Structure formats: C-alpha cells, structure tokens
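Open your viewer and get ready to select residues by number. This short tour tells you what to pick next and what you will find there.

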Amino acid sequence: MSRLLLAVFASSGAMSLLAHDTASAQVPGCTMERVAGTSRQIMHCDGATITAEGGARFNVIDRDRDGRPDAVSLRNKAVLVDVDSARRRGGFEVVTPQAIAAVRGTRWAVDVKNGTTSVFVVRGRVAVGRPSSGARVVLSVGEGVDVTRGSDVLTVRRWPPARAAALLARLGQ
C-alpha cells in the first residue's frame, strides 16, 4: 500500500500549498477559507475538511484525478482532518516523511516536526504505518502514536489531556 501510494503521489497532480498563503490558491474540488484573526486555513473538499495550522506545508493529492482530493502530503506543522464517511467513499490519507495515516470516516490530527510524525485520534479509528514497512497500528479515540525517523517501533499510547489539548489548540479546537 505505502509504496503504491508514494508511486501514485509521484505521478499524480499534487497541488502545493503553504497554509499562510492558501487563500489565493485554487484546489480543484475544494473551497478554502481563512479563519479570522488567525493564520489557520480550512479547506472543504467534498466530505473531507482539512484545517491547517499557520505555516503548515502540505500538498493536496487527487490520486485518481476525479476532482476530489483523497490525500494530503504533510511536510511540517499540523493538520486536523475530518472525514464524513457518509459523503466520502474510499477514505482519506495523510502522508508524512515518517508515516501514513489512513481512515474511512473520522477526525484526527497529524503533526510533523523534528523528524517525528505524531498522530492523535479525536473521533473514529485511524490506521498508522510507516511508508517503508508493512508494520501498522490502529488508533482509537484518545490514542496517539509518535513515528520517529530510524525506529520501526510503533507504540500506541493514550495521550495525556494536556498534550492532546495543546495540539488541538494549535488547530483552533
């Protein structure tokens, strides 16, 4: 799955966005709005809502080129993804240098910094794995995992309320 995703990403029409400059960018299948008084951006993409922290660097990916983005490639900072499974078939993924987080319908946050990808589940379940191996874990509400460069160990932990609140506050939650 992960090698295929990376190969598809390399050949697909990915749209590069910088969260502090996305108001003027146009992404087919999405509408964007700035959050007043903040540097956050919210992108609504037909059943998926992506809230990007100010300064986040990411690409929106439409792998099957049907006009509906189905993945985000996140390079730094954080995004909150909310997928409505009733409106969105086929799921949604967030791909980072360290991990791939995939769902069918849920709400989760992904943060990339200093060689670590952290994934936290607000609602539903999220499968998280490394792009380079078959190992993966499934997170439930309140759980998270830190995927670091150079380590194959994926340890699921219940996040302390303060850690979850700090990440979600960066995303306006």
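Strands are DSSP runs of E, at least two residues each, numbered from the N terminus. With that in hand, select Lys-77, which sits in strand S6. Its phi is near 70°, a positive value in a residue other than glycine. Is Lys-77 buried, exposed or partly exposed? With a relative accessible area of 32%, Lys-77 is partly exposed, because that class lies between 20% and 50%.

Before moving on, colour by confidence. This is a predicted model. The chain averages a pLDDT of 83, and 85% of the residues score at least 70. Now select residues 1–24. Here pLDDT stays under 50. The model still has 65 contacts for this stretch beyond four places in sequence.

Select Arg-65. You are in the loop between strand S5 (57–62) and strand S6 (71–83). Arg-65 is not a glycine, yet its phi is positive, about 55°. Arg-65 counts as exposed because its relative accessibility is 56%, and the cut-off is over 50%.

Select residues 41–45, strand S3. Of its 5 residues, 4 are buried, so S3 is largely enclosed by the rest of the structure.

S2 and S3 pair in the antiparallel sense over 4 bridges. Find Met-32: opposite it, in S3, stands Met-43. The hairpin of S2 and S3 has 6 residues between the strands. Pick Gly-37 there; its phi is positive, near 75°.

Which residue in S4 is the bridge partner of His-44? It is Thr-49.

**Into the core**

Show side chains for Trp-108, Val-119 and Val-128. In the largest nonpolar core, which has 32 residues, these three touch the most other members. S6 gives the largest share of this core, 5 residues.

Finish on Val-119. Which residues does Val-119 touch, not counting those up to four places away in sequence? Among them are Ala-101, Trp-108, Val-128, Leu-139, Glu-143 and Trp-159. Ala-109 is also one of the residues that Val-119 touches.

Definitions and conventions: Residues are numbered from 1 along each chain as its sequence is written. This is a predicted model: local features need pLDDT of at least 70, side-chain atom pairs count only at pLDDT 80 or more; totals for chains, interfaces and linings use all residues. Side-chain values use heavy atoms; hydrogens and water are left out. Buried means under 20% relative accessible area, exposed over 50%, partly exposed in between (1.4 Å probe, protein chains only). pLDDT is the predictor's confidence in each residue, from 0 to 100. Contact means heavy atoms within 4.5 Å. A nonpolar core is a set of buried Ala, Val, Leu, Ile, Met, Phe, Trp, Tyr and Cys residues joined through side-chain atoms within 4.5 Å. Two strands pair if DSSP finds at least two bridges between them.
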